[in-house]
Amino acid sequence: MIRSTPDFSADPAQADLFALFDPPAGVPDVAELLALLDDWCAQGWLRRLDVALARWLADECPQAPVAALLAAALLAQREGRGHTCIELTELLAQRRPGAAARADDEGWLDGPATAQQALAALLQRLPGALADWMAALRDSGAVDTASARRPGAPLRLEDDGRLYLRRHWRDEQAVAQAVRERMRPAAQDDPTGWPAPDPAEVRRWLDRLFAPRDPKDGPDWQRIACAVALRGRLALITGGPGTGKTYTVARLLALGYALHPAPRTLRIALAAPTGKAAARLKQSIDLALQQLGQALPGVLDWADLGERLREATTLHRLLGARPDTRTLRHDARHPLEVDLLVVDEASMVHLEMMAALLAALPASARLVLLGDRDQLASVEAGAVLGDFCRGAVHGHYDADSARWIADCTGQVLPPAMCLPASRTQDGATPPLVLAQQTVMLRESRRFGGAIGRLALAVNDNDVGRAAQVLRERDDAVARLTLPEGATESAALAQVVALALDGRPGALLGYAACLDMLRAGPDGPGEAAHQRWVVGVLRAFDRFRLLCALREGAWGVAGLNALIEARARARWRLPAGEWYAGRPVMVTRNDPALGVHNGDVGIALPSADGRSLRVWFVDGDDLPPRSVMASRLSRVETAFAMTVHKSQGSEFAHVALVLPPQMNPVLSCELVYTGITRAKDAFTLVAPDRSVWARALQRRTRRASGLPGLLSG
Ligand SMILES: Nc1ncnc2c1ncn2[C@@H]1O[C@H](COP(=O)(O)OP(=O)(O)OP(=O)(O)O)[C@@H](O)[C@H]1O
């Protein structure tokens, strides 16, 4: 039970703040707390779901102290924002009015500074010591701990004060255990035959597969990534866009094939969280292998290697997801039939998915995770790649790794990247066991220009440098100038004009696609129809309007409606929910229809003109596929989409729309992800400069126990 009472006398500022919200009072009782949570829910500061967890706890465990109920509601709320746990020490820090007043903080409630202040005021009425909160949770009867096991309890409390929903705790433990297991060398009697390769042989192959590099240009991290990945059963290759992750992994596949004792038996799978990213991965790898085959004919059976690569697929499909159930066809008892699995866009893999993937992967198989650790994490809980790559900038290679890398690549790692010197550079948490299997690619091959410089400035939280890039007279990067003192509707009309016609220096918008749609096929017959469909889809995919928010005038909902209305009027598109030219995004997997969450298609008439179908293209070499529009119920119009949903895709021109007010979702990761979707041109729409600056300065950190479980 909670025994201590709050001390309001300690800090006069706290007392003042407290007086703003409630008369000083003692610890609230359960009824008062639940009424307060309901009130916060009515104000939109908590979700119904969050309050429901507190209510459920109060009903099921009548002895649960109020601190436990509040912790449960906040845990549910933070889980909804992607955290896998809450840290009670951090929650207790919110008692300080100063902490609550920092409006740019993500905040523990989904509301303005007043919401955080209300939480601070409530926390002031509850005990301030971690030990009291831990005791309250233990006393609730709903919490499992290491010392008091309650296996069926919905919550789990760790000794350091991290509180979890049980399934996240279980997934974190499973991921950490599987990773540690994979860090051990494969068993000698490994039936699939992945003996450690001979370093001299690795070096010979690396010299063949990679162009020579002048040592003055620094380490060749791509070769190092291949050497590191060949060494173990788990490898992480992280790097910004265009740093050559796919280029490197194509060579890694060639190396794996060349050095494997029985290459013709190899089962290689490629996967990504979204269908589009999976198709892009396969396309890039096919192209890279084709080029290698032409440059190095006869050194490998390139055709056989190509055949070993199955179609790239989504992780959901790979694991055998079934509709309307969380169970998967593949798990520890029904493992994947694969020897080498490459997963791209791993930053989007959430904790539950990573746990399922690691469970379903046979112990002998090798897993290579590719991704950009600086991108937004998935919407679901967990930031697994970010956790895995914590400290990757500093390398933290031990003597064995440095020796292996030297033997395989002939390169001596910079001392600052090796332990123990790297520790002084990092200064943060102890290096993770994964550091020995992680390589960060550091040179962008694609993004030399203004887009790359802007992305780097954003990633460094450098508002001044970002402003400088935006001021450069470079067609690749521009900021939409909104008229001084314009009304909101005039400003939004400019955004719609940008979305349709682009801007000077970057004329791509949706107009090209809609013009092509109006023009129709260039002749009769199926072939002409297919060319037209592909042309319309390609034209659509050259531009995207990305929003930070879903709701509101400056969010996906508002801008979709405005662009749709304008496009309807200008191209005389038919009325009604479904019309030829409606771009849609699938919002839910439907294996029966072959569509997946995040797939983007356009409604167009069938070749015979009798029905309206939604068309999707999966890759350059594949014919478009289509689904009857009327059968797709889980879709939304996609002239505008969220930055979150754009992950794994690239567009020639991207316009990123920020709202005029600060919002908890705004962060440098979101802006960085939006910018790096752009290949040739990027346009920033930021009606309020201070919101842009504040977003850049805010780095999100998801609470997670993984780094702790994987360190040392
Ligand atoms: N060592 C290299 N030598 C020559 N060209 C390279 C090298 N590494 C990468 N490239 C080229 O740079 C471009 C970007 O590489 P790649 O697509 O592999 O990057 P990526 O990190 O996978 O990018 P993204 O994150 O956007 O998928 C490609 O055209 C690739 O062929």
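This is a predicted model: local features need pLDDT of at least 70, side-chain atom pairs count only at pLDDT 80 or more; totals for chains, interfaces and linings use all residues.
Residues are numbered from 1 along each chain as its sequence is written. Helices (H or I, at least four residues) and strands (E, at least two) are DSSP runs, numbered from the N terminus.

**Helix 12 and its partners**

- The axes of helix 12 (residues 245-259) and helix 13 (residues 275-295) come within 9 Å and cross at roughly 60°; axes are lines fitted to C-alpha atoms, for helices over the stretch in contact, and angles run from 0 to 180 degrees between N-to-C directions.
- On the helix 12 side, the contact uses Thr246, Tyr247, Val249, Ala250, Leu253 and Ala254, and helix 13 brings Leu281, Ser284, Ile285, Ala288, Leu289 and Leu292; residues are in contact if their C-beta atoms, placed from the backbone, lie within 7 Å.
- Sorted by type, the residues where helix 12 meets helix 13 are ten nonpolar, two polar and no charged; Ala, Val, Leu, Ile, Met, Phe, Trp, Tyr, Cys and Pro count as nonpolar, Asp, Glu, Lys and Arg as charged, and the others, Gly among them, as polar.
- Helix 12 also meets helix 10 (residues 199-209), with axes that come within 10 Å and cross at roughly 140°.
- That angle makes helix 10 oblique to helix 12, and their crossing is right-handed.
- Glu201, Val202, Trp205 and Leu209 of helix 10 meet Arg251, Ala254, Leu255, Ala258 and Leu259 of helix 12, a set that splits into seven nonpolar, no polar and two charged.

**Helix 2 against helix 4**

- Helix 2 (residues 30-42) and helix 4 (residues 66-80) have axes that come within 9 Å and cross at roughly 20°.
- That makes helix 2 roughly parallel to helix 4, and the crossing is right-handed.
- Val30, Leu33 and Leu37 of helix 2 make the contact with Val66, Leu69, Leu70 and Ala73 of helix 4, and these divide into seven nonpolar, no polar and no charged.

- Four strands form an open sheet in the order 1-4-3-2, with mixed pairing; two strands pair if DSSP finds at least two bridges between them.
- Its edges are strand 1 (85-87) and strand 2 (143-144), each pairing on one side only.
- Strand 1 pairs with strand 4 (residues 162-165) in the antiparallel sense over three bridges, and the bridge partner of cysteine 85 in strand 4 is tyrosine 164.
- Helix 4 turns up here too, lying across strand 1, strand 3 (155-157) and strand 4 at about 70° to strand 4.
- Helix 8 (residues 130-139) lies across strand 2, strand 3 and strand 4, running at about 145° to strand 3.

- Five strands form an open sheet in the order 11-20-19-12-18, and the pairing is parallel.
- Strand 11 (477-479) and strand 18 (640-642) are the edge strands, and neighbouring strands of the sheet are turned by 25° against each other on average, direction ignored.
- Strand 12 (residues 543-547) pairs with strand 18 in the parallel sense over three bridges, with threonine 642 in strand 18 as the bridge partner of cysteine 547.
- Helix 27 (residues 668-675) packs on this sheet, touching strand 12, strand 19 (651-657) and strand 20 (678-685), and its direction makes about 150° with that of strand 19.
- UniProt (unreviewed entry) places the feature "domain: UvrD-like helicase C-terminal" at residues 638-685; UniProt positions are given in the numbering used here, feature names are shortened, and annotations may be inferred rather than shown by experiment.
- The end C-alpha atoms of residues 638-685 lie 18 Å apart, and the span is 25% helix and 38% strand.

- The peptide bond from leucine 419 to proline 420 is cis, with omega near 0°, and proline 420 lies in the loop between helix 18 (399-409) and helix 19 (421-426).
- Glutamate 345 has a positive phi of about 55° although it is not a glycine; glutamate 345 lies in the loop between strand 8 (340-343) and helix 16 (351-360).

Notes: Angles under 35 degrees count as roughly parallel, over 145 as roughly antiparallel, 65 to 115 as roughly perpendicular and the rest as oblique. A crossing is left-handed if the near helix is turned anticlockwise from the far one by less than a right angle, and right-handed if clockwise. Two residues are in contact if their C-beta atoms, placed from the backbone, lie within 7 Å.
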